[in-house]
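Good morning, and thank you for coming.

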Amino acid sequence: MTRTALITGASSGIGFRIAQQLASRGYDIVGIGASKKILALPEKLPQVTVTPVRADLTDRGQLDAAWRSFEELGVSLDVAVLNAGKSLGGGFLDTDLDDELHMLDLNVTSQVILAKRVVRRMAEQKQGRILITTSVSATTPTPYESIYGPTRAFMYSFAQGLREEMHEYGVSVTALLPGATATDFHDTAGMQDTKFGDNSWKNDPELVARLGVDALFAGRDHVVGGDRSTRWSALRNKLTPERVKARRFASDSKPHASK
């Protein structure tokens with residue numbers, strides 16, 4: 001029987017690697033992405049049926065159209081990966097408010113809207129698995145990414161609460177908390193002039209995706225996506241005062257020109 005996974009942010013980075021992991025397990029993929037890169041997804045995953053959907057999820061009309069495209073396929077929804085997200089570097093004093101509101105729309109609002117539709121579909125089916133990408137940044141204040149961290153903290157808390165609600169419907173929810181990962185994520189966020197602008201020390205996105213998918217199928221409530229150092233950082237954050245974490249994060253995220 002055909003099994004299908006719906007993945008947002010599937011054209012590159014961690015989302016694409018998650019798509020690879022699920023395709024290797026035999027899942028057909030419905031991949032959503034904002035750029036035209038999503039249209040190349042079928043060529044990259046030839047072993048399964050792939051349906052690319054180009055949509056800007058911050059646009060409610062396009063989000064609604066993307067969901068209709070999925071429904072029109074007439075397939076079951078076995079796995080949903082709510083992975084789309086972005087960041088914005090720089091001091092809050094200097095960043096553009098519209099850019100921050102756009103990030104809130106993508107990282108939080110669009111994911112909640114999709115989650116509502118996903119859980120209702122899975123509750124009807126009485127089965128399904130949901131993977132929600134948050135971040136290790138959910139566990140610390142994030143100065144110089146001042147809005148990004150709170151969006152990830154929201155989604156982490158949301159995932160934990162939703163997991164408890166959906167248990168009785170046979171639906172599991174897992175949160176993936178990646179550490180810094182070697183993708184174009186921080187470059188797109190305009191953080192080239194920080195420690196995060198260097199990808200050489202970051203986690204392999206394939207490792208992060210594999211850990212997330214393994215945790216999803218193990219039914220775990222969350223998993224830290226990264227190497228031993230990343231897992232240690234997440235644990236240390238639980239034990240460290242907020243002001244100390246904020247100062248430590250700022251030392252890495254503050255642009256060099258501002259130091």
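What we have here is a predicted model, in which local features need pLDDT of at least 70 and side-chain atom pairs count only at pLDDT 80 or more, while totals for chains, interfaces and linings use all residues. Residues are numbered from 1 along each chain as its sequence is written, and side-chain values use heavy atoms, with hydrogens and water left out.

Helices (H or I, at least four residues) and strands (E, at least two) are DSSP runs, numbered from the N terminus. Two strands are said to pair if DSSP finds at least two bridges between them.

Let us begin with the sheet. In what order do the strands of the open sheet lie? The order is β3-β2-β1-β4-β5-β6-β7, which makes 7 strands with parallel pairing. The edge strands are β3, residues 50–54, and β7, and each of them pairs on one side only. From one strand to the next, the twist averages 15°. For angles such as this one, axes are lines fitted to C-alpha atoms, for helices over the stretch in contact, and the angles run from 0 to 180 degrees between N-to-C directions.

Now follow the pairings across the sheet. Strand β2, residues 28–33, is joined to β3 by 5 bridges in the parallel sense, and V30 has T51 in β3 as its bridge partner. Between β1 and β4, which run parallel, there are 3 bridges; I7 is partnered there by V81 in β4. V81 also has a bridge partner in β5, namely L131, and A80 stands opposite I130 in β5. In total, 4 bridges link β4 and β5 in the parallel sense.

The next pair is β5, residues 128–133, and β6, which run parallel and are joined by 6 bridges. Here G128 stands opposite V171 in β6, and R129 has S172 as its bridge partner. Finally, 4 bridges join β6 to strand β7, residues 222–225, again running parallel, with H222 in β7 as the partner of A175.

How well covered are these strands? A residue counts as buried under 20% relative accessible area, as exposed over 50%, and as partly exposed in between, using a 1.4 Å probe and protein chains only. In β5, 5 of the 6 residues are buried.

We turn to the helices. Helix α1, residues 13–24, lies across β1, β2, β4, β5 and β6, and runs at about 175° to β1. Helix α5 packs on the sheet too, touching β5, β6 and β7, and its direction makes about 160° with that of β6. Contact here means heavy atoms within 4.5 Å.

Together, β5, α5 and β6 make a right-handed β-α-β unit. A crossover is right-handed if, with the strands pointing away from the viewer, the path from the first strand over the helix to the second runs clockwise.

Two packed helices are described by the angle between their axes and the distance between the axes. For α4, residues 97–125, and α5, residues 148–166, the axes come within 10 Å and cross at roughly 10°. That makes α4 roughly parallel to α5, since angles under 35 degrees count as roughly parallel, over 145 as roughly antiparallel, 65 to 115 as roughly perpendicular and the rest as oblique.

My last point concerns Y27, in the loop between α1 and β2. Is Y27 buried or exposed? At 7% relative accessibility, Y27 counts as buried. Leaving aside residues up to four places away in sequence, Y27 touches several residues, including R3, L22, D78, V79 and F217. Along the chain, Y27 and V79 are 52 residues apart, and their C-alpha atoms are separated by 8.7 Å.
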